[in-house]
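Please keep the sequence and the structure in view while reading.

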Amino acid sequence: MLNIQFLSEVNYLHVLVAGLAYWVLGSIWYMAVFSKPWAAGVEKWGIKMGEKPSSGTMMKKMVVSLLCNIGAALIIAWFVHNEFATAVIGAKIGFCGGV
């Protein structure tokens with residue numbers, strides 16, 4: 001259940017910076033480090049990577065990705081605030097998030 005007090009105590013600057021860092025690292029990961037293996041894997045499913053999408057489509061996808069990353073940072077802040085941050089709980093959350 002959402003604790004309303006959490007919304008007044010959370011440091012939104014930290015959540016925003018964490019979301020931005022998550023987004024930037026993801027961008028570097030998929031564009032610079034693993035772009036060719038990722039594109040090869042996507043093309044196995046029949047998606048053509050040679051076609052460039054419109055700039056409006058890419059902008060929408062990047063904004064949605066950023067908002068999801070900020071949301072993930074807010075959820076992590078909620079877990080830490082409510083003292084659910086034990087090693088076992090963290091492992092369970094990481095496992096479920098990865099699956």
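The model discussed here is a predicted one. In it, helix α2, which spans residues 12-33, packs with helix α4, residues 55-81, at an angle of about 130°. The two helices α2 and α4 are therefore oblique to each other. Two packed helices are described by the distance between their axes as well as by the angle. For α2 and α4, the axes lie 8 Å apart, and the crossing is right-handed.

These two helices belong to a protein that contains five helices and zero strands. Along the sequence, the pattern reads α-α-α-α-α. The protein has 99 residues, of which 10% count as buried. Among contacts between residues at least 6 apart in sequence, 79% join residues that are at least 24 apart.

Which residues of α2 meet α4? On the side of α2, they are Tyr12, Val15, Leu16, Ala18, Gly19, Leu20, Tyr22 and Trp23. Their counterparts in α4 are Met62, Ser65, Leu66, Asn69, Ile70, Ala72, Ala73, Leu74 and Ala77. By residue class, the contact of α2 with α4 comprises 14 nonpolar residues, three polar ones and no charged ones.

Two residues of this contact, Gly19 and Asn69, may be examined together. Gly19 lies in helix α2, whereas Asn69 has its place in helix α4. Although 50 residues separate them along the chain, the C-alpha atoms of Gly19 and Asn69 are 4.9 Å apart. Is Gly19 buried or exposed? Because its relative accessible area is 0%, Gly19 is buried. Asn69 has a relative accessibility of 11% and so also counts as buried, the cut-off being under 20%. With residues up to four places away in sequence left out, Asn69 touches Gly19, Tyr22 and Trp23.

Apart from neighbours within four places in sequence, Val15 contacts Val10, Ile70, Ala73, Leu74 and Ala77. Val15 and Ile75 are 60 residues apart in sequence, and their C-alpha atoms are separated by 9.3 Å.

In soluble globular proteins, nonpolar side chains tend to be buried together. Which residues make up the largest nonpolar core here? This core has five residues in all, namely Phe6, Val10, Val15, Ala73 and Trp78. Of these, Val15 and Ala73 also take part in the contact of α2 with α4.

Terms used:
Residues numbered from 1 in each chain as written. Predicted model: local features only at pLDDT ≥ 70, side-chain atom pairs only at ≥ 80, totals over all residues. Heavy atoms only, no water. Axes fitted to C-alpha atoms, helices over the stretch in contact; angles between N-to-C directions. Helix = DSSP H or I, 4+ residues; strand = E, 2+ residues; numbered from the N terminus. Parallel < 35°, antiparallel > 145°, perpendicular 65-115°, else oblique. Left-handed = near helix turned anticlockwise from the far one by under 90°. Contact = heavy atoms within 4.5 Å. Nonpolar A, V, L, I, M, F, W, Y, C, P; charged D, E, K, R; others polar. Core = buried A, V, L, I, M, F, W, Y, C linked by side-chain atoms within 4.5 Å. Buried < 20%, exposed > 50% of the residue type's maximum accessible area, 1.4 Å probe, protein only.
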